[in-house]
Each structure stands twice: as structure tokens, then as C-alpha cells.
Amino acid sequence: MNTYWCRRAWLPDGVAEGVRIDIDGTTIRSVSTGEKPSGTIFSGMVVPGFANAHSHAFHRALRGRTTDDRGSFWTWRERMYTVAQRLEPESYYRLARAVYAEMVLAGYTSVAEFHYLHHPARGGRYDAPNPFSYALVAAAADAGIRLTLLDTCYVAGGFGKPTEGVQRRFDDGDAEAWAARFAAFRPVGELVRVGAAIHSVRAVPADQIPIVVGAVGDRPLHVHLSEQPRENEECRAHTGRTPTELLSAAGALTPNTVAVHATHLADADIGALSGGWACLCPSTEADLADGIGPARRLAEAGTRLCLGSDGQSIVDPWFEMRALELHERLASGQRGRFDVGELLRAGTGHAASGWPEVGALAAGQQADLVHVGTESVRTAGAAGPGIIYAATASDVSDVMVAGRWVVREGVHETVPDAARVLEREIEALWS
């Protein structure tokens, strides 16, 4: 049993003083307040580990390289394809290991990887299926982060269009072939789980969506939904339905479904998503000029919210949490659209990715802890839960995942050279 004393800790019912946390192996055994210092002492604030519910790890190679012209989401996508064309399993392992280390340094303790890079750049198939998936599992294990590998079905280049160019690396041929490859993936590790994803209604024909739903069973099912107005327009033109209506008709909206972005929704769409999840990615939605989604309306309709870093333009859970509120303020002209407790719940939404036992400092929960300094020039003077509006990834000093310290005093224990690796691997992809 290991004992930790926190000057302040954010418990399920709010921030408390003098908190003692006893941890046995990977599990929090007890939490008590008003305690005198004992065991390992943390002078700042301890919060639950954050959940990155939507990630494309290789998009990290685009940071700072897509802003030299105005462009659009669609021109940005072409540069993303350039990187996707050049990756191999070995190089993706090296890049993802450093990207996941960056996430843990920021306070993320789980990541849901929306993964659609499956096949060789030269065409054909690998002799052993899923080498990229296994590379990501190895990268996450080495970086010490929980991973939900969302194997993504991507079998069309648009409504009524075949895949072309680099998209063929994503394409299994049809949903049946995707399901067979998905079933063959058997990762090993206590910190890895498997789910599935429908890339979008553009990339999976309506009659094949039920195949994906059947294959995933009761595991997490994620889908890019209504990120761009053009997606909605094309879906209506080809099917007579909104993307949400199409997914609903195909049986793809369940309590385990996570609608990623959900930016451009009709009123009826918001009701249809009730009972499931919506994953907002504020940094990416701003970076790509996607728009501001109806987060408050979704929450009021009964949709649970979670957050993701998506394109890795920023890897900072503190930014994503407060941007959820700040974007609502910009859209509504009102403050206080979400209270701080709601923001923390969105930032710790591990259950959206299949980790319901993670996300709170409470007895019986998995021992994922983040210690954030309260005396930096950013956090000094912030009162209690107001830390959510002050801290950044730079203020995180210590991170525990499943009872093991992965970051200590701002240094990653197993990937201390993450910045150098990122620089080397990204430069190699662009050279």
C-alpha cells in the first residue's frame, strides 16, 4: 500500500483540502479528507487522469506545417494524406511513442486512437495483418498510456465513389473484409482495449454500416459525424437523410457510440444522439475552421460529453476543457454555459473509450493521478477549481497511470527524449 497526501485534490464532489489517497497496486483503496501530511506529499493539486477520447497520432506531424496559406479542411486533408502515404509500421511506432509520451506529459492517462492506416503504400496486403495496429499498441505501452485501439472501417472515397490514391491504404475492400481483419487483431496488455470506428458516412456505405455495428458488439464504436457542412449536403443529396439519420437507420447509435465533432447538427439530430456520447475536439475544430458545435444543447438532451486532441495541433487537456466553455460563450454570448464540474467530467470521460473504472479519485477506481503545480506564473492565485481556467500542460509535474508513476517532476520516465524524437521523425516524414 502506498500513501499520498495532497494539499488539494479534486474529488467527485469537488476540491478538498488535506486529502489522503491510499493505493494498492493499480487501484485506489481509500480516499479521506482533512488529513495531516503523511506518505508522499504533493503541495499542488491532484486531479484524475485525463482522457483523450479522439486521436490521430500521425497528425502530430502536421503541427506548424499547414498554416502557410489559408486553405480549408479539404486542402489540409491533402497534406495529411502526404504524411499517411509515407508512414510504415516501424516509423509509425517511433512517432506514436513520442506523441503518446507528449500526451502523458500533459496529463492524459488514456487515448482512443481512431486508426485507419492499415495496408502497404505499394498496394496489396501485409503477410501478417494489422502491423500498424500492433505498432500503436507497442508505442502506447512504451509511453505508459492506456490505449483504446479503434480499428476504423474506411471502404469508400465518398458517396458512390471508390477510394483512390493514399485512401487505398485505409481500404479493406468492404465491411466484411474489414470485419475479418478486425477479428484477427489480438493485442496483449493490461492497458490496451479494442473498439471500432466508422470513419464517416462518406467512407462507409449505408448498407455496410450494420456489418461494423455487428462486429463491434458491446465495445466502443466511434464515428466522425457532421464535421463539415459539405458532408451534410452530400449525405442529403445521395441518401435524403442527415448523417445522424443515416446512422440511426443503420442501428449505429447505441449507448456505446461516440459521435466525434457533431458540429453541424439539425435539431432532430441532437435528440437522436441522446444516451450516447459526443466527443468535442475544440483545438482541432478551431484549427480547421470546422465551426462551434452545439455542446450545451447536446448535454441538455442527455448526450454525455468527452474531449479529444484529434489532429494534435495542441496536446493539452486543460486547453480542451476550458475551450469547451469558451467556444460556447462565443457562440451564445453568455458565460457559464458549463460549470467547472461538467468541464472536468468531459475531460475525464474515459468511459467513452471503454474504461469506466478510470476517471475519478475515489475508492475502487483505477489509480490514475495527475499532480499540477499551483505556484507557476499561470496558476498562482487561482482558487480551487479555478485551476481549470489557469493551468496548462506545462504545469503538470507528475502523472500516475494504473498505479505507476510515468512522469516525475516534469520528465517522462521511459521517453525522456520525446521532443528530440518528434523532431527527428517528423523531419524524416517531410524530407
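Me: Which side chains does Asp 398 or Arg 408 meet in a salt bridge, and what is the N to O distance?

Reply: In this predicted model, the side chains of Asp 398 and Arg 408 meet each other in a salt bridge, at 3.3 Å from N to O. Asp 398 belongs to strand E14 and Arg 408 to strand E15, so the pair ties together parts that are ten residues apart in sequence.

Me: Buried or exposed, for Asp 398?

Reply: Asp 398 counts as buried, at 5% relative accessibility.

Me: Changing topic: what does the domain assignment give?

Reply: The assignment gives domain 1, made of 2-48 + 359-412, and domain 2, covering 50-353. The C-alpha centres of domain 1 and domain 2 lie 29 Å apart.

Me: How many residues of domain 1 are in contact with domain 2?

Reply: On the side of domain 1 there are 27 residues, in contact with 26 residues of domain 2. The two domains bury about 2,100 Å² between them, and 68% of that is on carbon and sulfur atoms. Ile 388, Tyr 389 and His 412 supply 30% of the area that domain 1 buries against domain 2, more than any other three residues.

Me: How many salt bridges does the rule find across the interface of the two domains?

Reply: The rule finds one salt bridge across the interface of domain 1 and domain 2. Across that interface it also finds seven residue pairs in polar contact, with both residues at pLDDT 80 or more.

Me: Which elements give two or more residues to the side of domain 1 that touches domain 2?

Reply: They are strands E4, E13 (369-372), E14 (396-401), E15 (404-408) and E16. The largest share of that side, four residues, comes from E14.

Me: What does Arg 146 form a salt bridge with?

Reply: Arg 146 forms a salt bridge with Asp 368, and the closest N and O atoms are 2.9 Å apart. Both Arg 146 and Asp 368 are buried.

Me: Now the open sheet. In what order do the strands come?

Reply: Eight strands form the open sheet, in the order E3-E2-E1-E4-E13-E14-E15-E16, with mixed pairing. Strand E3 (27-32) and strand E16 (411-412) stand at the edges with a single partner strand each, so one side of each is left without a neighbour in the sheet.

Me: In what sense do E2 and E3 pair?

Reply: Strand E2, residues 14-24, pairs with E3 in the antiparallel sense, over five bridges. Within this pairing, Ile 21 stands opposite Val 31 in E3.

Me: What about Asp 24, where is its place?

Reply: Asp 24 has its place in strand E2. Asp 24 is partly exposed, with a relative accessible area of 35%. Leaving aside residues up to four places away in sequence, Asp 24 touches Met 1 and Arg 29.

Me: By what distance are the C-alpha atoms of Asp 24 and Arg 337 separated?

Reply: They are separated by 38 Å, and the two residues are 313 residues apart along the chain.

Me: Last topic, helix H12. Which of its residues are buried?

Reply: In H12, residues 340-347, the buried residues are Gly 341, Leu 343, Leu 344, Ala 346 and Gly 347.

Me: What do those buried residues pack against?

Reply: The buried residues of H12 pack against strands E1 (2-11), E4 (40-48), E5 (50-55) and E12 (304-307), and against helix H11 (317-332).

Me: And which residue caps the N-terminal end of H12?

Reply: Asp 339 caps that end, with a side-chain oxygen 3.0 Å from the backbone nitrogen of Gly 341.

Conventions. Residues numbered from 1 in each chain as written. Predicted model: local features only at pLDDT ≥ 70, side-chain atom pairs only at ≥ 80, totals over all residues. Heavy atoms only, no water. Pairing = 2+ DSSP bridges. Buried < 20%, exposed > 50% of the residue type's maximum accessible area, 1.4 Å probe, protein only. Contact = heavy atoms within 4.5 Å. Polar contact = N/O pair within 3.5 Å; in protein donor to acceptor, adjacent residues only side chain to side chain. Domains from an automatic or database assignment. Buried area = accessible area lost by both parts, 1.4 Å probe. Salt bridge = Lys/Arg side-chain N within 4 Å of Asp/Glu carboxyl O.
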